[in-house]
Amino acid sequence: FAVCCLVFTASATKVYINPGHGSWGANCRPMATINYAAGDTLGFFESNTNLWKAFMLETKLKAAGFDVKMSRRASGGSGTNEYNKALTTICSEAENYGADYYISIHSNAGNPSNYILQLYSGITPGDNRTYSHMPVHSETSRKITTLMGDNQYMNEVSCWTRVPYIAGDKTFAIDIMGWSNGYGVLRWLDVPGTISEGMMHDYTPETYRLVNIDYKRQESFYFAKTFYTWFCGKELPYGAIGGKIHDVYQKQLFPDYKPNKNTRDVFRPILNGLVELWQDGQKLASYTTDTLYNGCYFFWDLEPGTYVVKATPDGYYPQEDTLVVE
């Protein structure tokens, strides 16, 4: 990751990261893919996906001068996906840490569409109900969460079916879920905070994208962009290019693969496809798509400027596109 050299005259901004869920149980949301059965720890688990996003966000924020604390981390190396703490403990730990912001990283499920749900510690404007624990930073949380949702929506590798849904967790919980006092991971929180449900992990094309390490890193990039903009008042000094390559003549991957119609998710992802990054006639980097049926490629830490992406997978006509990193 690019290092952003910031000089702080006071203590660094503190971000507390909660990778949602933990371990390899049924409540940690295993999903089957072509490569791995549900429950195979090499495949998709929301808990492990959340953990990897958190590690990558931690790396980006520390490189930019932030102070970071995580509710759980791998005790035996990244990827061991240990149990999380109790929700009350997580909230207390964030407050005792003196967090300037708290983020609980998740993905969502249970809807045939694919959209971003961002719930902030607070109450949606217009909700005049009284709750047993009234959040004290609702407006700050709402503004930061809205910015976070806008940034996540910049992810054009996914196919979204609607704009991000932003709401206070108290309001959303009682109106949609029937819970009286908000989401447990925010319920007792007295610092600004967000639950990020970044996508629908049971939307099949998204499941396959989420097993790609760089696709997870992309979400962390947008989290970091949010914190950098809000707390530092600047844009990130580097950018990235990402996308997918797919075969437009092969549409059905397997019977249970259910992409949203009229999106490019209907096309079959290309495996082991070579993608190259060029600038001013020179090749800067190359990326070979994985064999996990997502077709994703990414190039990171790019200076602002004009780039050419060339895709030359075996057995296909080559294609290229010119892109500007701002």
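## The whole chain

Start with the cartoon view, where the chain shows seven helices and 16 strands. Keep in mind that this is a predicted model.

Now zoom out. How does the radius of gyration of the chain compare with that of a compact globule? For 326 residues, a compact globule would come out near 20 Å, and the chain has 20 Å, so the two agree.

Of the 326 residues, 53% count as buried. Among contacts with a separation of 6 or more, 71% are between residues 24 or more positions apart.

## Stop one: T289

Select T289, in the loop between β13 (282–288) and β14 (296–302). Is T289 buried or exposed? Its relative accessible area is 1%. Buried means under 20%, so T289 counts as buried.

Show the side chain and look for its partners. The side chain of T289 reaches the backbone oxygen of I270 at 2.9 Å. The T289 side chain also reaches the backbone nitrogen of G273, at 2.7 Å. Leaving out residues up to four places away in sequence, T289 touches I245, I270, L271, N272, G273, G295 and C296.

## Stop two: D301

Move along to D301, which is found in strand β14. Check its backbone angles: phi of D301 is near 55°, a positive value in a residue other than glycine. D301 has a relative accessibility of 28%, so it counts as partly exposed.

## Stop three: R29 and H21

Next, select R29, in the loop between β1 (14–19) and β2 (30–31). With 31% relative accessibility, R29 counts as partly exposed. Which residues is R29 in contact with, leaving aside its neighbours within four places in sequence? They are H21, F44, F45, E46 and H201.

Click on H21 from that list. H21 also lies in the loop between β1 and β2, and it has a positive phi of about 65° although it is not a glycine.

Before leaving, try the distance tool. Pick the C-alpha atoms of R29 and K60: these residues are 31 apart in sequence and 26 Å apart in space.

## Stop four: P135

Finish at P135, in the loop between β6 (117–120) and α3 (138–152). P135 has a relative accessible area of 14%, so it counts as buried. Not counting residues up to four places away in sequence, P135 touches S121, G122 and K170.

Methods: Residues numbered from 1 in each chain as written. Predicted model: local features only at pLDDT ≥ 70, side-chain atom pairs only at ≥ 80, totals over all residues. Heavy atoms only, no water. Helix = DSSP H or I, 4+ residues; strand = E, 2+ residues; numbered from the N terminus. Buried < 20%, exposed > 50% of the residue type's maximum accessible area, 1.4 Å probe, protein only. Polar contact = N/O pair within 3.5 Å; in protein donor to acceptor, adjacent residues only side chain to side chain. Contact = heavy atoms within 4.5 Å. Rg over C-alpha atoms; globule rule 2.2 N^0.38 Å.
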